[in-house]
Amino acid sequence: MNGTAADLQVLVFPVPGTDLLLPGGSVAEVLRADDLGPPRAGEPDWVLGTLSWRGHAVPVAHLLPPAGPGTRLAAVAVCFAPRGDRALPYLAIGSPGLPRLERVTPESLASEPEVLAGIPWFVATALRLNGRAAWLLDLGALEQGLLG
């Protein structure tokens, strides 16, 4: 690999107007979004369903705007829950398109503090990645929203 110690891998969910980012180390696996079960009782409305993955019932969050009526998920990124709570060791992010890995360097990333007032609750910070608007997802906020 041609990277340096300061380089990071992020999973990029392309969205019109911005990209959603997850640190690569927080992602356990990306897989096709086949056969989601219904959400568990009491799940927030942003949970589309439950994925059976390696013996766990993993809630699948849909944070991206749908592309249109009847839009289906193309992929699911299963992530390690930050607290590692036994009740929720994993959570998943659904994507209507295929997310991609991208290398991030200090030169390719810039913060956008003036955008922070308008970001959704599930975003940790607003950034620019290679000149494109990007939001870093806050897995801790998602986890807390699922655990209550």
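**The aromatic pairs**

Modeller: Trp53 and Tyr90 are both buried. Please bear in mind that the model is a predicted one. These two residues belong to one of the four aromatic pairs that a search of the whole structure finds. The rings of Trp53 and Tyr90 lie 4.8 Å apart, centre to centre, and their planes make an angle of 80 degrees, an edge-to-face arrangement. The pair joins distant parts of the chain, with Trp53 in strand β4 and Tyr90 in strand β7, which covers residues 90–95.

A second pair consists of Trp121 and Phe122. The centres of these rings are 5.6 Å apart and the planes stand at 90 degrees, so this pair, too, is edge-to-face; the angle that qualifies is one over 60 degrees. Trp121 has a relative accessible area of 44%, so it is partly exposed. Trp121 and Phe122 are also linked with Trp46 through ring pairs, and these residues form a cluster.

Is Glu43 buried or exposed? Its relative accessibility is 18%, and it therefore counts as buried. The side chain of Glu43 makes a polar contact of 3.1 Å with the side chain of Arg40. If residues up to four places away in sequence are set aside, Glu43 touches Pro59 and Leu146.

The setting of these details is the fold as a whole. Of the 148 residues, 42% are buried. Links across the sequence can also be described for the protein in general: among contacts between residues at least 6 apart in sequence, 56% join residues at least 24 apart. As for the surface, the protein exposes about 7900 Å², and 55% of this area is supplied by carbon and sulfur atoms.

How values were computed
Residues numbered from 1 in each chain as written. Predicted model: local features only at pLDDT ≥ 70, side-chain atom pairs only at ≥ 80, totals over all residues. Heavy atoms only, no water. Buried < 20%, exposed > 50% of the residue type's maximum accessible area, 1.4 Å probe, protein only. Contact = heavy atoms within 4.5 Å. Areas by Shrake-Rupley, 256 points an atom, 1.4 Å probe, with all protein chains shown as cover. Polar contact = N/O pair within 3.5 Å; in protein donor to acceptor, adjacent residues only side chain to side chain. Phe/Tyr/Trp six-rings, centres within 6.5 Å; stacked < 30°, edge-to-face > 60°. Helix = DSSP H or I, 4+ residues; strand = E, 2+ residues; numbered from the N terminus.
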